[in-house]
Amino acid sequence: VQLQASGGGLVQAGGSLRLSCASSGRTFSSYAVGWFRQTPRKEREFVAAIMWGGGTTYYADSVKGRFTISRDNAKNTVSLQMNSLKPEDTAVYYCAARPTVSYSPRSWDYWGQGTLVTVSS
């Protein structure tokens, strides 16, 4: 499974961004997809994930109520809508895939390249 993350950029605090994770793999719809983020000072951390069917989602407490993950299996894409962004959301965001959801980044099998999100205060 090959993943391509996009949509990062610079936004002011309180603003919104929408990240996308696209895949060209035929089996994409069979995988759970997660978003993780990393800064130079912190290890890669779980942000959100969605099961292969799209009916079950998971969020880190720090983003719950502000971020929404969704997927369109017909288009082989998973999106992360990020609202009410805070400076502490600044990080490189990565998407990843594996058969089921795990909160540990080490458990994920496939990774896209990162996309940088910068939130200014």
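## Fold and overall dimensions

From the N terminus on, the elements of the chain run β-β-β-β-β-β-β-β-β-β-β. There are 11 strands and zero helices; both kinds of element are DSSP runs numbered from the N terminus, a helix being H or I with at least four residues and a strand E with at least two. This is a predicted model, in which local features need pLDDT of at least 70 and side-chain atom pairs count only at pLDDT 80 or more, while totals for chains, interfaces and linings use all residues. Residues are numbered from 1 along each chain as its sequence is written, and side-chain values use heavy atoms, with hydrogens and water left out.

Along the principal axes, the C-alpha atoms fill a box of roughly 40 × 25 × 25 Å.

## Burial, surface and contacts

Of the 121 residues in the chain, 42% are buried (under 20% relative accessible area, 1.4 Å probe, protein chains only). The accessible surface of the chain is about 6,300 Å², and carbon and sulfur atoms hold 47% of this area; the Shrake-Rupley method with a 1.4 Å probe was used.

Among contacts (heavy atoms within 4.5 Å) with a separation of 6 or more, 56% are between residues 24 or more positions apart.

## Aromatic pairs

Rings of Phe, Tyr and Trp (its six-membered ring) pair if their centres lie within 6.5 Å; planes under 30 degrees apart count as stacked, over 60 as edge-to-face and the rest as tilted. The count comes to seven aromatic pairs. In one of them, F36 and W108 have ring centres 5.4 Å apart and planes at 75°, so the pair is edge-to-face. F36 lies in strand β4 (residues 32–39) and W108 in the loop between β9 (91–98) and β10 (110–111), so this pair ties together parts that are 72 residues apart in sequence. Both F36 and W108 are buried.

F46 and Y103 also form an edge-to-face pair, 4.7 Å centre to centre with 75° between the planes. F46 is in strand β5 (residues 42–50) and Y103 in the loop between β9 and β10, 57 residues apart. F46 is buried, at a relative accessible area of 10%. One aromatic cluster is formed by F36, F46, Y58, Y94, Y103, W108 and W111.

## Charges over rings

R44 lies over the face of Y94, 3.8 Å from the ring centre. R71 lies over the face of F28, at 5.1 Å from the ring centre. A charge sits over a ring if NZ of Lys or CZ of Arg is within 6 Å of the ring centre and within 35 degrees of the ring normal.

Terms used. Buried < 20%, exposed > 50% of the residue type's maximum accessible area, 1.4 Å probe, protein only.
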